[in-house]
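Hi,

Here is the structure I promised to pass on. Have a look at it first, and then read on for my notes.

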Amino acid sequence: TESAIESFAGTDGEIIRIDMTQEMVDKTRINAKATGVENASFHRGLFEELPVKDAGLVVISNGAINLAPDQDEIFREMNRVLHPGGRLQIADILVDKPIPEIAKRNIDLWTG
């Protein structure tokens, strides 16, 4: 059976995961090792300055874009790393007005 990694990257491709905290990078490495994932690398970085030259598919989830102060910069950076024919998939929450600081700090508003 095909793993989730193979369905994205194929057997010769690589998944590059970037998290802004070292704790998440470490946790992801542990989970990848436990599940036998070998064609993935894990890096600490920010969406505004991705530590990669290019990529074919970028998947973003868990509400990371909407919490960034400059979404335009994130999309410019995504455009930089995507090669021709690359795709961008986003699972995020988008709003069209600023979120009050008190709402950003209330975790119950951001979780199901």
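Is Arg17 buried or exposed, or partly exposed? Arg17 comes out as partly exposed, with a relative accessible area of 30%. For that word and its relatives, buried means under 20% relative accessible area, exposed over 50%, and partly exposed in between, using a 1.4 Å probe and protein chains only.

Before the rest, some housekeeping. This is a predicted model, so local features need pLDDT of at least 70 and side-chain atom pairs count only at pLDDT 80 or more, while totals for chains, interfaces and linings use all residues. Residues are numbered from 1 along each chain as its sequence is written, and side-chain values use heavy atoms, with hydrogens and water left out.

The overall layout

The chain has 4 helices and 4 strands. Starting at the N terminus, the order of elements is α-β-α-β-β-α-β-α. Of the 112 residues in the chain, 23% are buried. If you take the contacts between residues at least 6 apart in sequence, 66% of them join residues at least 24 apart. Contact here means heavy atoms within 4.5 Å.

Salt bridges

There are 5 salt bridges in the structure, each being a side-chain nitrogen of Lys or Arg within 4 Å of a carboxyl oxygen of Asp or Glu. Let me take you through some of them.

Arg17 belongs to one of these, pairing with Asp19 at 2.6 Å between the closest N and O atoms. Asp19 sits in strand E1, which covers residues 15–19, and Asp19 is buried at 11% relative accessible area. Setting aside neighbours within four places in sequence, Asp19 touches Met24, Val25, Thr28, His43, Arg44 and Gly45.

Helix H3 (residues 71–81) holds the pair Glu73 and Arg76, 3 residues apart, or about one turn of the helix. Their side chains form a salt bridge at 3.0 Å, N to O. Glu73 is partly exposed at 27% relative accessibility, and Arg76 is partly exposed at 48%.

Arg80 and Glu77 are another pair in helix H3, again 3 residues apart and about one turn of the helix. Here the salt bridge is 2.7 Å, N to O. Arg80 is partly exposed at 39%, whereas Glu77 is buried at 8%. What does Glu77 contact once its neighbours within four places in sequence are left aside? The list is Phe47, Glu48, Glu49 and Leu50.

Met20 is in the loop between E1 and helix H2 (22–34), and Met20 is exposed at 57% relative accessible area. With neighbours within four places in sequence left out, Met20 is in contact with Arg44, Gly45 and Leu46. Have a look at Met20 and Phe47 too: they are 27 residues apart in sequence, with 8.2 Å from C-alpha to C-alpha.

Glu23 lies in helix H2 and is exposed, at 59%. From Glu23 to Arg44 the C-alpha to C-alpha distance is 9.3 Å, across 21 residues of sequence.

A pocket to look at

The second largest pocket has about 160 Å³ of space. Its lining comes to 10 residues, with Asn66, Ala68, Gln71, Val95 and Lys97 nearest the centre. By class, that lining splits into 6 nonpolar, 2 polar and 2 charged residues. Ala, Val, Leu, Ile, Met, Phe, Trp, Tyr, Cys and Pro count as nonpolar, Asp, Glu, Lys and Arg as charged, and the others, Gly among them, as polar.

As for the term itself, a pocket is an open set of points on a 1 Å grid over the protein atoms alone, where a 1.4 Å probe fits, with protein on both sides within 12 Å along at least five of seven lines; lining residues have an atom within 4 Å of a point. Grid points are joined across faces, edges and corners, and the volume is the space filled by probe spheres set on the points.

Cheers

Note on methods: Helices (H or I, at least four residues) and strands (E, at least two) are DSSP runs, numbered from the N terminus.
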